[in-house]
Amino acid sequence: MMKTAFILEDTPESQLWLSEVLQQSFPDIQIHAANHIAQALTALNHLSAIDIALIDLSLPDGSGVAVIEWLNRHSPQTICVVASIFDDDSHIFPALRAGAHGYLLKDQPQTAIVQALNGIVTGQPPLSPAIARKLLRHFHEPYVEATAQGVLTEREKEVLSIIAKGMTMAETANILGLKRNTVAGYVKEIYRKLNVSSRAEAAITAQRMGLI
């Protein structure tokens, strides 16, 4: 049973809208809220248990992915659901990799969001239809790992395996004993060879190749 909820949303109108969604989905739920990441982390450190969190991604002080990661480490029982207007790979995949259990688009009718959240009780992942279709299309695309294995050099595979784990260019350079601009050059070449345009796409390809 959902007893406590947390909303991370910087727009007052959207925060109210999400509160109404939660109250319709779980009538007796107690709701806490924050409008930026620092405030959210401070509040979460003082809350004993959160059953569900609705998290926006684009916030004044960074990405809501940071809060998803924090909850995944410190409160693994919390069901993290992204509530966003963004439906592109650069938002979807980092959030899901960080531990999000669902991804809902705020441009849906309120009734559709309520229905998606109600499905959690019966084990259904809260995914907007557009997000589910995008995920299916992504994983139905022809595999490129066999070609990529032969195209990428061993050094490029090393770089790919590290950045796919979320390391920055500077961290990757430090691990491999290279200069940051050298790593940037490798990353550019990796993206070109794999025909990808984001770190999320590169990470998924690396996983398919068995590099992570």
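Helix α1 passes helix α5 in a right-handed crossing; a crossing is right-handed if the near helix is turned clockwise from the far one by less than a right angle, and left-handed if anticlockwise. The model is predicted, so local features need pLDDT of at least 70 and side-chain atom pairs count only at pLDDT 80 or more, while totals for chains, interfaces and linings use all residues. Residues are numbered from 1 along each chain as its sequence is written, and side-chain values use heavy atoms, with hydrogens and water left out.

The axes of α1 (residues 12-25) and α5 (residues 110-118) come within 9 Å and cross at roughly 50 degrees. Axes are lines fitted to C-alpha atoms, for helices over the stretch in contact, with angles from 0 to 180 degrees between N-to-C directions. Helices are DSSP runs of H or I of at least four residues, strands are runs of E of at least two, and both are numbered from the N terminus. The pair α1 and α5 is therefore oblique. Angles under 35 degrees count as roughly parallel, over 145 as roughly antiparallel, 65 to 115 as roughly perpendicular and the rest as oblique.

From α1, Trp17, Glu20, Val21, Leu22, Gln24 and Ser25 meet Gln110, Ile113, Val114, Leu117 and Asn118 of α5. Contact means heavy atoms within 4.5 Å. The residues of this contact divide into 6 nonpolar, 4 polar and 1 charged. Ala, Val, Leu, Ile, Met, Phe, Trp, Tyr, Cys and Pro count as nonpolar, Asp, Glu, Lys and Arg as charged, and the others, Gly among them, as polar.

Ser19 also lies in α1. Its relative accessibility is 14%, so Ser19 counts as buried (under 20% relative accessible area; exposed is over 50%, partly exposed in between; 1.4 Å probe, protein chains only). Residues up to four places away in sequence aside, Ser19 touches Ile7 and Ile31.

Val65, Ile68, Glu69 and Asn72 of α3 make the contact with Pro94, Ala95 and Ala98 of α4. By class, this contact has 5 nonpolar, 1 polar and 1 charged residues.

UniProt, in an unreviewed entry, places the feature "domain: Response regulatory" at residues 4-121. Over residues 4-121 the chain is 44% helix and 24% strand. The end C-alpha atoms are 14 Å apart.

Val187 sits in helix α10 (residues 180-194). Val187 is buried, with a relative accessible area of 6%. Neighbours within four places in sequence aside, Val187 is in contact with Val159, Ile163 and Met169.

Conventions: UniProt positions renumbered as here; feature names shortened; annotations may be inferred.
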